[in-house]
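Colleague: Put the model up, please. I'd like to go through it piece by piece.

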Amino acid sequence: MALSSTFWRLNLLSKLSVSHIQTSLKALTPFFNPKPRPISSLPISSSSNSSITKNPTFLEPKTRTPYPQDDLVVLGIETSCDDTAAAVVKSNGEILSQVISSQADLLAQYGGVAPKMAEEAHLQVIDQVVQEALDKANLSERDLSAVAVTIGPGLSLCLRVGVRKARKIAGSFSLPIIGVHHMEAHALVARLTEQELQFPFMALLISGGHNVLILARDLGHYLQLGTTIDDAIGEAYDKIAKWLGLDLRRSGGPAIEELAREGDAKSIKFSTPMKQHKDCNFSYAGLKTQVRLAIESKNINATIPVSSATSEERKSRADIAASFQRVAVLHLEERCERAIEWALKIEPSIKHMVVSGGVASNQYVRARLDQIVTKNNLQLVCPPPSLCTDNGVMVAWNGIENFCMGRFDPPPPADEPEDIEFDLRPRWPLGEEYAEGRSEARSMRTARIHPSLTSLVQASLQQQL
């Protein structure tokens, strides 16, 4: 196997010396097999022979045989935002353990994620969370095949906590390490729960920090059909829940969804965002402003919890919640319908659409999107709610998929200094942007954005030609 595929993520973690690379090559000898055979636990792409002319932006990935790893055991660590999570997963799909430490009290106290406070919270519990995941799996570090950890996108201060812990374990026990893209992990965890899910498929990834529509053509090969130009839907849910005086300890999404059931979704006529833009991008900043003005016009005092409000005040807040949710999800529906049309032109063999990320736990969101997907003769695939929010299982599974394709880094030095600088990727696109999907309204800053995951994988594949 070419070095480029083995060390494809080298630059995603700390800088390594030439001498360490040479040493690591010797250490990795047991992981190479000159006669690899397919493994049954991972579905292979059904589109490996599709024509590259369908999307001239990309090199078509070569068909590759996975590593013969039927009994991998991978520890996944996730600290990209406000939850400290770890899990142990086997390559046959068995989840041996899953542990999550929530920062719900901090969210309620600060009305959102405070990066420095979140970092300190991660530092306080990371050792305990990882150890509990190992204990629940009845394993020790010596029983692991590899360690996977989220390296981006996310908050740098938070990402660093997980990466440092993962590298410490990998270095101490000579384990390969896999740097994981947070959004790819959200998309691919559906392949853990839905055994029939094969590439290519569509995915809508919706959370507090992300709104992304992608065409997943193969592992590490994604086409971005649309993304948010300002705020994500999850951030809008959280902010409006705060303005309505809801309990943020359970996060804004569930709180809004529950209150909305009591309201009239058509009582307030909010405008649907970006109706004039015929693309698949999202915007929630304007809708947030509309809701804030509606709240102010009704003199709603957020310092009075909804649980203490009068019946009239509660009804007023419920109407706002329901009206907001209807329009926020309608925006998703419209973008998804156009994205499905685009995706089917590129890859007519698509059969599934994955909806994942924290907001995918919302039952109203699922029900509305299921109607759109079914109307277009596709099948909606949603991971269970426990795997939609940030978790270690998705990171471990993503690590397994990449490890089986030879995409991992060698064990880091056991004596790695504490003050080493990691090349984290807080702003890291998942795929290359689809030409027709570029929006004139797009105003996102491009500074300090890392090359997309897809471009890195494509560059690695090109070196092997």
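Colleague: Where does the largest share of the lining of the second largest pocket come from?

Modeller: From α5, with five residues. This is a predicted model, where local features need pLDDT of at least 70 and side-chain atom pairs pLDDT 80 or more, while totals for chains, interfaces and linings use all residues. Residues are numbered from 1 along each chain, and side-chain values use heavy atoms, without hydrogens or water.

Colleague: What counts as a pocket, and as lining?

Modeller: On a 1 Å grid over the protein atoms alone, a pocket is an open set of points where a 1.4 Å probe fits, with protein on both sides within 12 Å along at least five of seven lines; lining residues have an atom within 4 Å of a point.

Colleague: How much space lies in the second largest pocket?

Modeller: About 290 Å³, a volume being the space filled by probe spheres set on the points. Of the 15 lining residues, R164, K165, R167, K168 and E418 are the closest to the centre.

Colleague: Which helices supply at least two residues each?

Modeller: α4 (115–136) and α5 (156–172) do. Helices here are DSSP runs of H or I with at least four residues, and strands are E runs of at least two, numbered from the N terminus.

Colleague: On to T79. Buried or exposed?

Modeller: T79 is buried, at 1% relative accessible area. Buried means under 20%, exposed over 50%, and partly exposed in between, with a 1.4 Å probe and protein chains only. T79 is found in the loop between β1 (73–78) and β2 (83–90).

Colleague: What is T79 in contact with, leaving aside neighbours within four places in sequence?

Modeller: T84, H122, I126, C158, L159, V161 and G162, where contact means heavy atoms within 4.5 Å. The T79 side chain also reaches the backbone nitrogen of G162, at 3.0 Å.

Colleague: And why is helix α9 described as largely enclosed?

Modeller: Because seven of the nine residues in α9 (residues 252–260) are buried. They are G252, G253, A255, I256, E257, L259 and A260. The cover includes α8 (233–243), α11 (311–346) and α12 (363–375).

Colleague: Which peptide bonds are cis?

Modeller: Among them, G152 to P153, with omega near -15 degrees, and F199 to P200, with omega near -5 degrees. P153 sits in the loop between β4 (146–152) and α5, P200 in the one between α7 (190–193) and β6 (201–206).

Colleague: Which residues have a positive phi without being glycine?

Modeller: N138 and M274 are examples, each at about 55 degrees. Most residues other than glycine have a negative phi. N138 is in the loop between α4 and β4 and counts as exposed, at 68% relative accessibility. M274 lies in the loop between α9 and α10 (285–297) and is buried, at 9%.

Colleague: Last one: how many helices and strands does the chain have?

Modeller: 15 helices and eleven strands. The chain has 465 residues, and buried residues make up 55% of them. Of the contacts with a separation of 6 or more, 77% are between residues 24 or more positions apart.

Key
A polar contact is a pair of N or O atoms within 3.5 Å; within protein, one must be able to donate a hydrogen and the other to accept it, and residues adjacent in sequence count only if both atoms are side-chain atoms.
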